[in-house]
Amino acid sequence: MRAARWLVSRVAPREWRESMTGDLEEERRRRPGMGRHAGELWALAAALGAVGELWVETLRGGTMSGGGSAIFGGLMSDVRVTVRSLCRSPRFTLPALGVLTMGIGAATAMFAIVHAIVLRPLPFDEPERLVAIGEVHHRLAAPGLSNLGSVAAPNFYDWQEALTNVHLAASTSATGFTIRDGDQPEELRALRATASLFEVLRVRPTLGRTFTTEHEVQGSDRVAVISDGFWRRQFGGDARVIGRTLHVDSGTWEVIGVLPAGFAYPFGVEQPPDLFVPYVPNETARSRTASRNYNLRVVGRLRSGASVAQLDSEIRSVTAAVARDFPEWFPDRSPGVLSLHEATVGRVRGRLFLSLGAVGFVLLIACVNLANLMLARATTRARESQIRAALGASRWRIARGVLAESVVLVLAGTAGGVVLAAWGLRALGSMLPATLPRVAAIQIDAGVLATTAVVALIVAIVAGLGPAHRASARETRLAVDAGGRSGIGRPRRTVGAVLVVAEVALAVVPLVGAGLFTASFRHVTNVDLGLDYRNVLTVSVAPRLTATGGDVQEPGLAGAQAIDDALTRLRMLPGVEAVAALSGGVPFSGSWNSSALTVGGTTFDDPDDRVQLRSVTPDYAKVIRTEVHRGRYVSEADVAGAPAVVILNEEAVRRFFGEQDPVGAVVQLRDAPRIVVGVVGDVRVRGPEQPVSPEAYIPWAQMPSASASVLIRTADDPTRLAQDVSRIVLDVAPGVPVVPSTLESLVQRMVAPRELNMLLTSLFGVLAVAIAAVGIHGVMAYTVAQQQQEIGVRIALGASPGNIMRMVLARATLLVGAGLALGGVGASVLAGSIRAFLFEIQPYDPTVFAGVGIVIVVTGLAAAWIPARWAARVDPIVAMQRS
Amino acid sequence: MGELQHLVLLAAVHQEPDAYAVSIRDEIEARTGIALRRGSVYVTLQRLARKGYLASAWGAPTPERGGKAKRCFTLTASGRRALAAAETALARMKRTEPLRSSR
């Protein structure tokens, strides 16, 4: 009964404490059969219930005395009075509510994003025991090892046999299954995975079962576990789906299970998989041949008692043993282990926390602003405080009234802020890059609301304490004897000025951040990509997979002839300027083929030095508008049987030929000699922020492919031809899903994360300045009101309205200037910490700082303009009569 | 007067002079089968005291109650009048013969 006794003695109303304790004691003794712990729990629950109901009674306006009820009951009556008072003072209430709504709304929205993506554990059982394992090339490893690369199958199987600290599972990247639904084929995303994936992630299907290791054999592998979304879309949520078949281009697959709604794996992919099928390794998957294919994503669950460090040590020693026998497999690569959570969110955490920090400044400014507004209000109501004190109100009673005002304002602001945040998240949803992990989980849930409530409470206390103290201070209560207004006004003006300086200084920091990110984004979009990506439509004709997993095999697709037919017909479409076929990866798509290059007996095979190899039709240069610098481009004469040629880019020439002219030289590509016939300009195929790669272009006719991308340059908006293009491609290659895209959309996708950062920080910078402007306006308005007599005297002595306005604006400029100087120092200190996120701009860029200074000064002057005009219109007679 | 207040007053009458929260709650449960929440009993006693229908006094502490005293309630005169009025009103509502004019 100790806990119950403690609760009642501390929390229950005083007049009930003794009798309630005795009542519970008496009732407990009537239950002798109850064990000690059960009895404690019973008593605590009974006490909580009784005390809770008594407090509800109090909150409804009961006038019970004693204990906490005196405080609480009084506070509730203060709240009622406060609400009435605030409704009667819209000139105070509306700006205060507006500031709070904006500040709390922005903070709640940003926290919801960070909470869903970074803070919440992954949605699996015991997620802290899940790890991601990858292979990292030493030269490509980023600090912190958050870029885990894919794993080669032989390594996965060796680890699976040898590692004792972890249970492993593997999956490939999602591949396309084409399903026919009426006339239009649809591409499904299928993930090939080992059966252990479901055990490792501990996911149980809602219907049916998952596949087992028995299915990882050719002939037994035609089973599929489908996602909840696909089940509802394709099968209408039919509970009898188990045993039904899916007819796709590569054959027939039996549905054996349905995964639960909300299951998401892997994270950060544009399209989540529709179905999971068994990964069936071919003969080379387990043997270490010359060809190394890094195509597996490996995840594991630590066994009981094992740690990441132990696993890391174990995997390194296992790999070292393999490397002794097969050194060519690990010349400069090593395995890396990260918690799955870190592997998922590590690369986005920095940017998101930056934005959270920026919004923190906004919230702080809102807090300071509210304190300033409340100080002004407490001062204008000083007379009321004096009268209440004269009638016997205690200091606490007066301060409680001010605190109640703070609580009510913050509560209302929080409610408005949560609504604003919900709207903001919906509006922001479409702008968030699809590759951001766990985007679908962003919502305002209980965790976000609880954090918002705590933050709101802190804001209410911080903003209300100063004004409460000021309103109840002895000097305030007695100031009616000392001359009233002037006794209060000067200290209030000083405090107000200090708060405005603080607001401006705080606003400078996010504004500088916004300026730097905006400049970075501008620089990124201004990078010369080496081609003209506007008005180019792209259509991929993806390679089809057959029954065996892992390797790409030649299809049942219309071959290179079909592509030639498509090119001919596409050229005849109105509005088409040029058409080309390309294999080896569309620029900016993130996929490429690479090859070692041998020049003058030296083979360049490092990952950094391998050339990106593309085979192209002659019009490719015309489509992407790249320049030929030396020699010639691919021509119609470069057919099969003609001399094998290659065109290199400037980067390849710089690296492999130095100052030597490469035209006419013979190089080896894919073990075949080729003559270099031309040099073209560099194309930043990996995007504006990545370094240029060496590239080689081979005539399509000399290395045709049954899988290609077709690029079409149009005179105007390329999407207007999407339907005609799709029709032609379907005609010549039936059963192939056609998904038109544009080069421009690929570029936009690449810069989307940086664009989002820019938008968020700019939004928070604007909010910060807007809230600070409200503060400046408030303080200047108050100052003008306090100095009316002085202004009246000045006007009576001959000062012009212009002089008065200049006087007010000069004071505002002083405050803004002081805040700017302070904020500039703060921003300089913090700017260095965001260097890693900037692009081609220094954190202390003088243009950005100067721009921010101009914005702040102009905003401050604009905010002070109206009070300055009020001052200029003061009637000296009225002003002096009021003294 | 609400039903709960009516029940608590009646129970207090039955339990006088030893009417306190526990005995009132037990009385109501024994007679009606209704197991009231403890908090409801305390709140109702408080409301009735506020209305002036009940007066409270401290009983002697007992070992069964861990040495804590009881807060015992008795009906005041106005409480008895209010209870009588409520009983009369109920009785009138239950009558089946036609209403007679009060004049």
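How many salt bridges does a search of the whole structure find over all chains? In this predicted model, the search returns 36 salt bridges over all chains. Several of these pairs are described below, together with the interface between chain B and chain A.

The interface involves 26 residues of chain B, which are in contact with 25 residues of chain A. The size of an interface is often expressed as the accessible area that is lost when the parts come together. Between them, chain B and chain A bury about 2,100 Å², and carbon and sulfur atoms account for 52% of this area. On the chain B side, the most area is lost to chain A by R38(B), Y42(B) and R65(B), which together make up 29% of what that side buries.

Between chain B and chain A, 13 residue pairs are in polar contact, with both residues at pLDDT 80 or more. The side of chain B that touches chain A draws at least two residues from each of helix 2 (21-32), helix 3 (38-51) and strand 2 (71-75) of chain B. Helix 3 of chain B provides the largest share of that side, with nine residues. By residue class, the side of chain B that touches chain A consists of 10 nonpolar, five polar and 11 charged residues.

Side chains of opposite charge can pair when their charged atoms come close. The count of salt bridges between chain B and chain A is six. One of them links E27(A) to R38(B), with the closest N and O atoms 2.9 Å apart. D23(A) forms a salt bridge with R65(B), where the closest N and O atoms are 2.7 Å apart. D23(A) is located in helix 2 (residues 14-29) of chain A, and R65(B) in the loop between strand 1 (54-58) and strand 2 of chain B, so this pair joins two chains. Both D23(A) and R65(B) are buried.

Other salt bridges lie within chain A. R240(A) pairs with D238(A), the closest N and O atoms being 3.2 Å apart. R240(A) is exposed, at a relative accessible area of 66%, whereas D238(A), at 18%, counts as buried. A salt bridge also connects the side chains of R571(A) and D619(A), at 3.9 Å from N to O. Because R571(A) lies in helix 17 (residues 560-571) of chain A and D619(A) in the loop between strand 18 (611-616) and helix 18 (620-624) of chain A, the pair ties together parts that are 48 residues apart in sequence. R571(A) is partly exposed, with a relative accessible area of 39%, and D619(A) likewise counts as partly exposed, at 22%. Through shared partners, salt bridges join D23(A), E26(A), R30(A), D26(B) and R65(B) into one network.

Among the cysteines, C87(A) is exposed, with a relative accessible area of 61%, while C72(B) counts as buried at 13%. S709(A) is placed in strand 24 (residues 708-714) of chain A. With a relative accessible area of 10%, S709(A) is buried, because the cut-off for this class is under 20%. Leaving aside residues up to four places away in sequence, S709(A) touches V539(A), S540(A), A580(A), A581(A), L582(A) and V586(A).

Definitions and conventions
Residues numbered from 1 in each chain as written. Chains lettered and ligands numbered in written order. Predicted model: local features only at pLDDT ≥ 70, side-chain atom pairs only at ≥ 80, totals over all residues. Heavy atoms only, no water. Buried < 20%, exposed > 50% of the residue type's maximum accessible area, 1.4 Å probe, protein only. Contact = heavy atoms within 4.5 Å. Buried area = accessible area lost by both parts, 1.4 Å probe. Salt bridge = Lys/Arg side-chain N within 4 Å of Asp/Glu carboxyl O. Polar contact = N/O pair within 3.5 Å; in protein donor to acceptor, adjacent residues only side chain to side chain. Helix = DSSP H or I, 4+ residues; strand = E, 2+ residues; numbered from the N terminus. Nonpolar A, V, L, I, M, F, W, Y, C, P; charged D, E, K, R; others polar.
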